[in-house]
Structure formats: structure tokens, C-alpha cells
Amino acid sequence: MNASYKALLFNGNCITCHKTDNLNKSAPRIQEIQNNYKNAFPNKKDFIDYMSTWVLNPNEETSLMSTDIKKYGLMPQLGYDKTTLEEISEYIYDTNFDN
Ligand code: HEC
């Protein structure tokens, strides 16, 4: 799958809540998520596996950002398949969102 399709998936499904600026007060910025997950999983494959599994089934037990659950409430289940979520997670790993 090419990079622009992955960008489309992310921009279509995640950025409404996970913006790159500070204007959204209902969910953490995508950069915060990227930082937390890269700290926990510097290895790209581990990052993709953990994130796609979590987004498939959001839950407090395996959250890396439980203070954000307290702050915003648990992220809703979105109903995307695992393969799509792996593509999106790879895009999140690879992208510099500060540009
Ligand atoms: C309707 C709003 C909404 C949408 C859409 C959304 N999220 Fe979230 N997400 C949240 C909120 C709120 C949190 C913070 C609370 C939490 O961690 O559950 C969050 C947290 C996360 C986390 C951190 C999980 C943790 O360890 O706690 C990841 C990873 C994540 N989102 C990925 C995604 C991806 C990938 C998409 C697109 C496929 C997406 N989100 C779409 C609202 C959303």
C-alpha cells in the first residue's frame, strides 16, 4: 500500500479527534500519542502491533495513556479491521506531524 493511501486513511479516520494543533480539547494530539508509543516501542514492528491491537479494542488495561482516559474518556471503538489499523499505525510511526 502506498504512502498517500495511508495518509488518506489517517486523515479520514483519526484526525477529526487527533489534530496536530492544540485546538481540540476532546482528544490528545497525534504527536503526544506518537511520542508515548515510540518511547514504549522504539521498534517499528512492535509499535505497529501494539497500536493496531489497542485501536481495534480500546481498553484501559492495556492503555499507555491512562491519564488521557481520565481526562477525555476512553476512545470509542471504530470498527476498522486489523490490517487497515496496521497501515494507519505504520503511517503514524513514519510521519513527522510537526511539519
Ligand atoms: C471520536 C474521537 C476519536 C477518533 C475518531 C479516534 N480517536 Fe484515538 N483517542 C481518542 C481519545 C479521546 C483518546 C484518549 C483516551 C484514550 O486513550 O482512550 C484516544 C487515544 C488514542 C490512542 C492512545 C491509546 C492509549 O494507549 O491509551 C491511540 C493509539 C489512538 N487514539 C489512535 C487512534 C487512531 C489510529 C485513530 C484512527 C483510526 C483514532 N485514534 C481515532 C479519540 C478518538
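# Surface patch, iron site and salt bridges

Met1, Tyr5 and Leu8 form a nonpolar surface patch of about 340 Å². A patch joins residues with over 30% relative accessible area and no salt bridge, linking like charges within 9 Å and nonpolar side chains (Val, Leu, Ile, Met, Phe, Trp, Tyr) within 5 Å. Accessible areas come from the Shrake-Rupley method with a 1.4 Å probe, and for residues only the protein chains shown count as cover.

The model is predicted: local features need pLDDT of at least 70, side-chain atom pairs count only at pLDDT 80 or more, and totals for chains, interfaces and linings use all residues. Residues are numbered from 1 along each chain as its sequence is written, and side-chain values use heavy atoms, leaving out hydrogens and water.

Leu8 lies in helix α1, residues 3-13; helices are DSSP runs (H or I, at least four residues), numbered from the N terminus. Leu8 is exposed, at 58% relative accessible area. Buried means under 20%, exposed over 50%, and partly exposed in between (1.4 Å probe, protein chains only).

The ligand's iron atom is coordinated by His18 (NE2) and Met75 (SD), at 2.0 to 2.1 Å. His18 sits in the loop between α1 and α2 (30-40) and Met75 in the loop between α4 (66-72) and α5 (82-94), so the pair ties together parts that are 57 residues apart in sequence. Donors are N, O and S atoms within 2.8 Å of the metal (3.2 Å for Na, K and Ca); water is not among the atoms, so sites may look incomplete. The six donor atoms around the iron atom subtend angles of 87 to 179°, which makes the arrangement octahedral. Six donors count as octahedral if opposite donors are over 155 degrees apart and all others between 65 and 115. His18 is buried at 12% relative accessible area, while Met75 is partly exposed at 23%.

The structure holds seven salt bridges, each a side-chain nitrogen of Lys or Arg within 4 Å of a carboxyl oxygen of Asp or Glu. The table gives some of them.

| Salt bridge | N to O distance |
|---|---|
| Lys6 and Glu87 | 3.8 Å |
| Lys44 and Glu90 | 3.3 Å |
| Lys44 and Asp94 | 3.1 Å |

Lys6, Lys44, Glu87, Glu90 and Asp94 are linked in a network of salt bridges. Both Lys6 and Glu87 are buried. Lys44 is partly exposed, at 29% relative accessibility, and Asp94 is partly exposed at 48%.

Notes
Helices (H or I, at least four residues) and strands (E, at least two) are DSSP runs, numbered from the N terminus. Four donors count as tetrahedral if all angles lie between 85 and 135 degrees; four count as square planar and six as octahedral if opposite donors are over 155 degrees apart and all others between 65 and 115; anything else is irregular.
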